[in-house]
Amino acid sequence: MFSQWTALTGDEVCRRLGTNYNQGLAEKDAERRRQRWGDNILSGAPRPSLPALFLKQFKDFMVLVLLGATLISTLLGEYTDALTILTIVLINAVLGLIQEYRAERSLEALKKLAAPRARVLREGAIRLIPAAAVVPGDIMILEPGDRVSADLRLLAVQSLAVNEAALTGESEAVLKQAAPLHLPVASPGDAFNMAFSGTEVAAGRGQGAVVATAMETELGRIAHLIEEAEQDGTPLQQRLTRLGKILVAACLAICGLVTLLGILRGESPFAMFMAGVSLAVAAIPEGLPAIVTVALALGVQRMIRRRAIVRRLPAVEALGSASVICSDKTGTLTESRMRLSRLFTGDTHYRVEEGRLQVQGANGWQKAAPEREKALQLTLSIAARCNNAYRDGSSFRGDPTEAALLEAARAAGLPYFPINKREKEFPFTSERKMMSVIWRENGRKLLLKGAPEIVLERCRWYWTAGGVKALTPGKRTELLARVELLASLALRPLAVAYRDLPPAAGAEGPRAEQVEKELVWVGLLGLEDPPRPEVLPAIRLCHRAGIRVIMITGDHRATAEAVARRLEILKPGGIVITGQELAAMDERRLRRLIGRVQVFARVSPVHKLRIVRILKQQGEVVAMTGDGVNDAPAIKEADIGIAMGLAGTDVTREAAALVLGDDNFSTIVAAVEEGRHIYSNIRKFIRFLLGCNTGEVLAMVLAILCGLPLPFRPIQILWINLITDGLPALALGVEAPEETLMHKPPRKRKEGVFSGGLWGKLLTRGALIGGVTVALFSLALAGGAELRKAQTVAFAVLITAQLAYVFDCRSETAPFWEAPRAPNRLLAAAVASSCLLMAAVIYSPFLSRLFYTVPLRGGDWLAILAAGLLPTLVDTGVWRLKQQFSRLNE
């Protein structure tokens, strides 16, 4: 653990590691250490092979039931039935395999994060070695742009700033020091004398002793967390598993009862066993897993058009169940870049609003012309010259704050100031909290920027448009009040000042303490990591849809709280908890408070994982968004992990189920809407398929109880379930979304597929379909028709009634002609195709032999159409009666 090194001096660190600061390790010693500690690479579980991923598709309960049906059909010699079911299962498995091929690559991406080369001190010489060869005790040299390849205790620094955003979530580079820390350190973000594996050097230089490599680093600890993070089934997977178990239990009970009754009645046991098999085939919706998979795949295509890339199919529907979105701040809610927001100089107050500079006047905020604002130009020219960021093409590189100052200077029309006019630099350190340079241009000037309180102590005058004036106690109080204002707006305050210097008197030049005094205060700047403009409307939409948004960030409490208030995440009565407070909190207290917590600040990856787990234990369906390495374990643990596609790290993208192609928070809301839309359509075709299957089962049971022959052959039922019913069910999967979709609260985790009275609706329609089928079947037999013709009539009645039923399934609240819906041309085409296929099975000589049918006459079809439409007419009549009763009660 890194905290054991932060309080030690440099000499104590070297003694404990058995190394020498000036010489580094000997090559033989380094090799011995490498043999002991191993290579500096991240290890992990091997990626699953393609065959393993393919076999994984057969673990679904419904798929196992279908495989059981295939085995029984094979043993009974029903090879056509067995082959048909097996084909459906294989298609479903291939579709799932294609979507999940890249599901387990988080650790592979983590390995890529490790720097390929590192500069170390060996036997007194600097050597460039593979990162894998770095060992504990190596003295590593850090330069701008380097990616740190191990955890280091820093021994010497020169204005060293490290970008730790991927590890801690902080967008601002962290200034490092070599001195020991005397207070306990709880998180990597507070370890100012450490540099961690996977982070990047933004500016300055440094030298440090390697204290941890490979899986012992903080990056390695995250790799362990990703391995440990559990991925439960999504709500849809859990619901379908429950549905499969209900269907199997009901099927076995009905088959056993019917077989037993038939045997007691004197029927042949084998005949009754075959009847039981036919019932099983009728009860199980063989096409359901494949249709669910296809519906989800179609949803994936729609989401890609909305710039959301789905990596695991069930996550599409799971988004519709999301009740909590845990969002990282930096890069997700904010732009992950520093920007000038406010500026005070003289008596003038400027702000940047929607990219435009405004000045506060007597009549409020007005557009400012930067080229005519002398005070603004002076302030920004000092900030741009006292600066170590550099130009790289059209952008600026280096410390994010300094790059933002150069951007602001360029926007104000100032040129890029060449560094060759800089005579000397007094670098920024955590102790000094300021930086200054001596600049040679029209004389010599000291230009300084730093923490406002520190700069103000060294100022004797302040600049105004009318000239330099003496700083009075009242003016100092006024300037400090402005600093407080910037802090309250979650802005990072930065002051600039200058001093005229006499000509150089010596070769060495002055020391910092000689010139950093008697300064002229010029201006105060406030910088921010701005929220994305589209985030606030998206969060409001989430609230309207009953979805709770929680900010979880590694940033400081004050910054997180201010941003959360600005984005309406933190509301009156909401709680902000820091990682330190969270670590001291037991499970019972956290469970009691988490319903009111809206912001978690200064948290570590372990904390994020704990938060997600507690929320899931309380029945929430959790979506976790983020872009940094520190987000990956919690993203994998969440019900729906969402990664940023542009700013996100490979680790996060590979751990996530959903990747946002535009890093736009509003895309999450679009994805939630699409998830709800898909689930709504899944309910529609489950209602249709199970209503049809219920009709088939009840028709079989009723016929057996009435002493009639079986109205269907098993292959006829398979044809109906897979082809005749399958095409309209697929068409229901592309129904347009309802307008009120995002005005409803999210579904509960344990809410079944049949909530809202769906069971009653499908059982009622199933009973009507089964009743009219048996009625026409018995009438055909009573009229002297042979069994094959009577079965053909039953086959045609059942299909007709089911095709009429599919239109009612478009709405759960009213008959299809009463519900205002956009036309579904695909459904009309599917119904027409099913009618043509039914005709082909009945009239094609080859198919009629295969499916045991005979051609029907015109009179037969009139009776079939009348019987097939009767269930729809009865249901409509019942609906109208209910409407009248409800109006009377009002």
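Between strand 25 (597-601) and helix 24 (605-617) runs a loop, and Arg602 lies in it. This is a predicted model, so treat what follows as a tour of that prediction. Arg602 has a phi near 55 degrees, which is a positive value in a residue other than glycine. Is Arg602 buried or exposed? Its relative accessibility is 13%, so Arg602 counts as buried, the cut-off for that being under 20%.

Another residue with this kind of angle is Ser159. Its phi is positive too, at about 50 degrees, although Ser159 is not a glycine. Here the setting is a strand: Ser159 lies in strand 4 (residues 151-163).

## Helix 31 and helix 30

Now hop along to helix 31 (residues 787-808) and helix 30 (residues 758-782), whose axes come within 9 Å and cross at roughly 155 degrees.

Who meets whom? On the helix 30 side, the residues in contact include Leu762, Ile769, Phe777 and Leu781, while those on the helix 31 side include Leu787, Val797, Tyr805 and Asp808. Sorted by class, the contact of helix 30 with helix 31 has 15 nonpolar residues, along with three polar and two charged ones.

## Helix 31 and helix 27

Helix 31 also crosses helix 27 (residues 665-705): their axes come within 10 Å, at an angle of roughly 150 degrees. So helix 27, too, is roughly antiparallel to helix 31, and the crossing of helix 27 and helix 31 is right-handed.

From helix 27, Arg687, Phe688, Gly691, Cys692 and Glu696 take part in the contact, and they meet Leu798, Gln802, Tyr805, Val806 and Asp808 in helix 31. By class, this contact of helix 27 with helix 31 has five nonpolar, two polar and three charged residues.

## A pair of aromatic rings

How many aromatic pairs does the count come to? There are four aromatic pairs. One of them is formed by Trp719 and Phe851, and it is edge-to-face, with 4.9 Å centre to centre and 65 degrees between the planes.

Trp719 lies in helix 28 (residues 714-724) and Phe851 in helix 33 (residues 845-851), so this pair ties together parts that are 132 residues apart in sequence. As for where the two side chains sit, both Trp719 and Phe851 are buried.

How values were computed:
Residues are numbered from 1 along each chain as its sequence is written. This is a predicted model: local features need pLDDT of at least 70, side-chain atom pairs count only at pLDDT 80 or more; totals for chains, interfaces and linings use all residues. Side-chain values use heavy atoms; hydrogens and water are left out. Axes are lines fitted to C-alpha atoms, for helices over the stretch in contact, and angles run from 0 to 180 degrees between N-to-C directions. Helices (H or I, at least four residues) and strands (E, at least two) are DSSP runs, numbered from the N terminus. Contact means heavy atoms within 4.5 Å. Ala, Val, Leu, Ile, Met, Phe, Trp, Tyr, Cys and Pro count as nonpolar, Asp, Glu, Lys and Arg as charged, and the others, Gly among them, as polar. Angles under 35 degrees count as roughly parallel, over 145 as roughly antiparallel, 65 to 115 as roughly perpendicular and the rest as oblique. A crossing is left-handed if the near helix is turned anticlockwise from the far one by less than a right angle, and right-handed if clockwise. Rings of Phe, Tyr and Trp (its six-membered ring) pair if their centres lie within 6.5 Å; planes under 30 degrees apart count as stacked, over 60 as edge-to-face and the rest as tilted. Buried means under 20% relative accessible area, exposed over 50%, partly exposed in between (1.4 Å probe, protein chains only).
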